[in-house]
Amino acid sequence: MRQFVERHTFWAIVILLAAAVFLWMIFAVWPDWLVSGLGRKKTFVNTLLNGVTLGGLYFLVASGFTLVFGLMRNVNLAHGSLYLLGGYIGYEVAEASGSWFLGLAVAFLAIAASGVLMQVLIFRRMEGDDLRQTLVTLAISIIAADLMLAVWTGTTYQFAPPEWLFGAATLPVVSVVKASGDPVFIKYPIYRLTVLAVAVAVGIGLWLFLNRTRIGMMIRAGVNDRQMLSASGVNVQLLFALVFAIGAGLAGFAGVVGGTALSIAPGEDVRYLLASLIVVIVGGLGSVTGAAIGALLIGLAEQFGLAYFPTYGVVLTFLILVVVLAVRPQGIMGTR
Amino acid sequence: MAARSLFSGSASFAERHPAAIAVIVLLLVYPSFASDFFVFQIGAYSLILGTISLSLMMLAGYGGMVSLAQMTVAGFAGYLVAILGDNSVGVMGLGWPWWVTVPTAVLAAALLNTFIGAISVRTEGIYTIMITLAIAVAFFYFVRQNYVIFNGFTGFAGVAPPVLFGVDWRDPLPFYYLSLAVAGGFLWAVLHGARSTFGLSLQAIRDNPRRMRALGYDVTLHRIAAYFLSGLIAGTAGVLLVWFNGRISPGSVGVDIVIDILVIAVVGGLRHPIGPFLGAIAFVLLENFAIDLIDRERFNTVIGTAFLLIVLFSPDGLLGLWNRITSKVRLGRRAQLGARNEKRDGRHPAGSLEGT
């Protein structure tokens, strides 16, 4: 941090100023000229929060994707299908048992198990042939999407989360001051804030797991040099299965969390696959920190695009992708 | 790279000239004994899909770059035909004559593919798949959201080929021959282009980019040029496709169909330019007659399973399956014929540079 300030004083000042302006935009009551330029403050803050929470959701999905890739060099194009399947399974369990948390747990475990199954039955058979693995995952995603459509039809499903997650929280942010002098505070759904909290918790948990535990150390070693790790007596296949379980499980977990925030319907698999792809390309393949940065960027870009220029919203996301690839082909946190 | 084992060219088709001539004759007289349905819905459609897949095969087989955005490029050309020419929706439809619209659409599609190439050639292998898939999906969402130019969810309808020389080119027979001419022309161009200096350098770059760079070749430029050329193929096929369907909508460039193009190319075989056409015929036949096998709704399961089986058990696709069977037959014969043939056939595994 201090090194950065000393080396890039100019950029440090720019970042500091940007952060200050940003904080001011969130907490201050907007003067009229800003309102006429950007619209109401409520829209801005809500879009910002939507973007951040969506980024959190994207992080949940993409972190599993990037984890699997980092260790196994396997682009799992069925990741979106795992997300959707997790959502459906979670919904069924939650409906049958009446417990949303049970649905969440079962979705995580079931999708983790199917991830292990995929690793053991398919990827182990074609190790090192990354292109074939990618094509296989593509085939699986086609079949899975079609079978899920057959079982759960085209209906949109809506979860019923626990009571205390319902409703809106009043944020300590004033949107406008009424003529009478009373400040109007901005409200925001509690559930979406919870999604953000869960994403942050998962992110910290993953970081601790990778950087502070013995297994995490093995995984990092495997990312750097798989053969050397295997030569030093670690059961690499077991490690692969474990990482695949965590990565897939996170997708299933995100399926329930995201399905509750939005909804579960056919086509969501492609949406989240696209999100994961862009997030990890932007953030850098194989880097969990990169996935967090990428998810935040893409989530914000998507929501701001939707709110301020609806017809060209996708272009903004795409522009970020192009700029990152042009400047840093390996992604923001990627190493090559 | 793993891509090499999947995509190295093979040298077995050029030796079979009699068979090739027989196929050409069969394709030319095909409409004389087939019904309109088989000429138009099966014949012309297979040729168009095959041509789009050919543009992918050219990139993947000779360049080692698997781009999933080929259908996007074709769809872009189709959209341009609807936007610049006539459509019955009432949005855009600038009414330009066909001889301006079609070249513009094809060229714009090629330029779009050049742009896609410029973005993705900086990365390699599976990264290319990921980036081009992201581009394809982004294009799908873009045309679906954009109502001003692309007319959003509805898309365009009422796009028809021109009536020229007193022939309505939408009629099954003329349209079949038009598709056949385009497909055959591009097939010939790819076959011969593969043996040109450019084609050979492209294949050398696929096999060893570092060495080619050291030899002074501009690797990036070659790859981008390949994207441009494949964009021409995909764009032309895209124009035919929009004429075939008469309409275009975001569904025409959706993820399903984008992946279908890859499925067609892989199922057919990426080693030889004829592979995509085999794959397209198989795909279209399955699409039309899977209804007799199982529920029409579950078509994607059938095609996905076929794709999975091919990738798992015959990475070279149908073409590889065919080659394997024939080489087994040949092996048996060779055992009797002895050393002379062995020398001739022994060339095959190293034959990747010869293209055809």
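Trainee: What makes the distance between the end C-alpha atoms of helix H5 (residues 79–97) of chain A agree with its 19 residues?

Mentor: At 1.5 Å a residue, H5(A) should span 27 Å, and its end C-alpha atoms are 27 Å apart, so the two values agree. The expected span is 1.5 Å times one less than the number of residues, and a helix is a DSSP run (H or I) of at least four residues, numbered from the N terminus. This is a predicted model, in which local features need pLDDT of at least 70 and side-chain atom pairs 80 or more, while totals for chains, interfaces and linings use all residues. Residues are numbered from 1 along each chain as written, with chains lettered from A and ligands numbered from 1 in written order.

Trainee: Why is H5(A) called mostly covered?

Mentor: Of its 19 residues, 14 are buried (20 or more other C-beta atoms within 10 Å of its own; 12 or fewer is exposed, in between partly exposed). H5(A) is followed by A:Gly98, which has a positive phi near 80°.

Trainee: Why is H2(A) said to lie largely in the open?

Mentor: The number of buried residues among the 19 of H2(A) is 0, so this helix lies largely in the open. Helix H2 (residues 9–27) of chain A reaches 27 Å from first to last C-alpha, close to the expected 27 Å.

Trainee: Why are H12(A) and H6(B) called oblique?

Mentor: Helix H12 (residues 268–283) of chain A and helix H6 (residues 126–145) of chain B pack at about 130°, with axes 10 Å apart. Angles under 35 degrees are roughly parallel, over 145 roughly antiparallel, 65 to 115 roughly perpendicular and the rest oblique. The two helices are therefore oblique to each other.

Trainee: Which residues of H12(A) and H6(B) meet?

Mentor: A:Val270, A:Leu274, A:Leu277, A:Ile278 and A:Ile281 meet B:Met130, B:Ile131, B:Leu133, B:Ala134 and B:Val137, where contact needs C-beta atoms within 7 Å. Leaving aside neighbours within four places in sequence, the contacts of B:Ala134 include A:Leu321.

Trainee: How many residues does each chain give to the contact?

Mentor: Chain B gives 35 residues and chain A gives 34. The largest share of the chain B side, 11 residues, comes from H6(B).

Trainee: What makes A:Val61 and B:Ala134 stand out in the largest nonpolar core?

Mentor: Of its 201 residues, these two touch the most other members. Such a core joins buried Ala, Val, Leu, Ile, Met, Phe, Trp, Tyr and Cys residues through C-beta atoms within 7 Å.

Terms used. Two residues are in contact if their C-beta atoms, placed from the backbone, lie within 7 Å. Axes are lines fitted to C-alpha atoms, for helices over the stretch in contact, and angles run from 0 to 180 degrees between N-to-C directions.
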